[in-house]
Amino acid sequence: MIEITFPDNSVREFNEAVNGYEIAKSISNRLAKEVLSISVNGEVWDLSRRIESDASIKLHTWDDKEGKDTFWHSSAHLMAEAIEYFYPGTKFGIGPTVDIGFYYDVDLPDGKVLTDKDLPKIEQKMLELARQKNEIIRSEISKDDALSMFTDRDDELKQELISELEDGTITLYKQGRFTDLCRGPHLPNTSYIKAIKLTAIAGAYWRGDEHNKMLTRVYGVTFPKAKMLEEYLVMLEEAKKRDHRKIGKEMELFAFSESVGQGLPLWLPKGAQLREQLENFLKKVQKKHGYQQVITPHIGDVNLYKTSGHYEKYGKDSFQPINTPADGEEYLLKPMNCPHHCEIYKVRPKSYKDLPVRMAEFGTVYRYEQSGELHGLTRVRSFTQDDAHIFCRPDQLKDEFKKVIDIIFIIFDALNFKNYTAQISLRDPEKPEKYIGSPENWDKSEKAIIEACEEKGLNTVTEVGEAAFYGPKLDFMIKDALGRSWQLGTIQVDYNLPERFEMEYIGADDKRHRPVMIHRAPFGSMERFVAVLIEHTAGKFPLWLTPEQVVVLPISEKFNEYAEKVSNFLNISDIRTVVDNRNEKIGRKIRDNELKRIPYLLIVGEKEVNSETVSVRRQGEGDKGTMTTKEFVNFITEEIRDQLSGLYN
Ligand SMILES: [Zn+2]
Ligand SMILES: [Zn+2]
């Protein structure tokens, strides 16, 4: 008798060893069709692998990350099989899954290089092989046998991988004529894969090391239904249109210049305007929650980062120290703001009554990224964090967490992110040696995070073993308008830096205590956040935030003077307004300015001048009628206030 325990703690008994597929089938035929893999005591297995003794399980379908991973990794093998069919003797590096889809690094024989033109025939072959419904078979192999197998094949890539594995843990997977070294898990057979698109080819150094051979990386994505691929391709098209690099250029928000240097964004006037709005907004929210702004330099003594431990992390692999011409000093471009804030904490002795101290800074930091890794505003070498550090007593941790969650709620609300989840990352209780700080403190802080989330009604998933070595954390993920996930703000507890910087406060007991530190950055960085915002809104920012809120359009040059007067009045009323006084037809002006994504268009001609009014058009909504300029100010101010209600309530 075997007892199988489900995630809801219900139990089913089976007379003999059973596999994932059979478990699913015992529940329903429908589930048996949808299930892709199974977690057995926390390890993901093939559906066909037999469970010989009592176990806790979870069945994975397309809706789970584990299910998709199984599906996509099996697709990587299918692609490898197709590539080997056309190019026998190909060597295969690694073939992992990515956010959406998979890739395989391949080394074709005789110096042959794949191009985009080769992809359709490989797709076709994959479909043909998928339809053959070839069983995917797992087998265990000794290290010696595995080594000699891939030595026979002359595949030094796999030999290198095998040599790093432990004997007794090595498995092979075979389907049709193709066998691969693989940990698995895989689908039961190839016929699950119904729709295939190979999306890109890129060069990739073996194991990411530029001293190694350059391999060809082939990316693809597959689906269990043809319709899902169609939807995905539509989404990709839309994503291309929303690419923040494209819209950023069109809207003149930011630019890069090779003369300035790679990965160093230049904020143009409208982008700077946008950023300033975001910063002012967050400053107001933070002020309401008891934060104080600080300002610290862009460089710091190397020893500061040795104390904090950041030198170890960023020193050798980042920008190199700056040396002074005399005095032999060494400075580092600031990779993190935290050490500077720790020093601010220490300027004056603290008592328990002084805590919590909440210190905020829009702090620009510098980290070296390889040029191939740079990408628009999402991967840069200099970026500004909406950083803050909270130093508090252990008993204040939960309340502080709740306050940060409140701030994040206000931000998501004002920016229309409706779809988000949060992940709580806890320590692995079986590996206490991995973590700094006492187990009691960890217990307390983990409990504080969990309770804070519950009390705030936050929808969370919990990952055990995902905490940083210095403390548990809470991460927010948002889904954008195209359903893509982005990781945004993090709230991180830290027991390490207070220790390293020997921070203290005098408790009610008159003794010295260590404060707890919380790092938090709701936007993450201004650069990345603006990129996400552009792609989420396609550049149609909320009214309160958009760089140009109103454009006044005189019907002809005769009315330019009146248009300027209206614009001046709006600008002194804090409504960001421009005038389009080009000598163009009004229809053309309306079209051009709608393309610029300006929310309000005010049209002025003879009638408006005589009655001292404006004709109002709202982007995407059309005519809003005629108002006096004053009425319009009230009208638009009301709308802005409404969007920022979280700030005012
Ligand atoms: Zn594999
Ligand atoms: Zn920090």
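Visitor: Why are α5 and α6 called roughly antiparallel to each other?

Guide: This is a predicted model, where local features need pLDDT of at least 70, side-chain atom pairs count only at pLDDT 80 or more, and totals for chains, interfaces and linings use all residues. The axes of α5 (residues 143–152) and α6 (residues 156–163) cross at roughly 165°. Angles over 145 degrees count as roughly antiparallel, so α5 and α6 get that label. Residues are numbered from 1 along each chain as its sequence is written, with chains lettered from A and ligands numbered from 1 in the order in which they are written.

Visitor: What makes α5 and α6 meet?

Guide: Contact is a matter of C-beta atoms, placed from the backbone, lying within 7 Å. Lys-143, Ala-146, Leu-147, Phe-150 and Thr-151 in α5 meet Lys-158, Gln-159 and Ile-162 in α6 that way. Sorted by class, that contact has 4 nonpolar, 2 polar and 2 charged residues. Here Asp, Glu, Lys and Arg are charged, Ala, Val, Leu, Ile, Met, Phe, Trp, Tyr, Cys and Pro are nonpolar, and the others, Gly among them, are polar.

Visitor: How do the axes of α3 and α4 cross, and at what angle?

Guide: Helix α3 (residues 65–86) and helix α4 (residues 119–131) have axes that come within 9 Å and cross at roughly 115°. The axes are lines fitted to C-alpha atoms over the stretch in contact, with angles from 0 to 180 degrees between N-to-C directions. The crossing of α3 and α4 is right-handed, and their contact has 10 nonpolar, no polar and 3 charged residues.

Terms used: Helices (H or I, at least four residues) and strands (E, at least two) are DSSP runs, numbered from the N terminus. A crossing is left-handed if the near helix is turned anticlockwise from the far one by less than a right angle, and right-handed if clockwise. Angles under 35 degrees count as roughly parallel, over 145 as roughly antiparallel, 65 to 115 as roughly perpendicular and the rest as oblique. Two residues are in contact if their C-beta atoms, placed from the backbone, lie within 7 Å.
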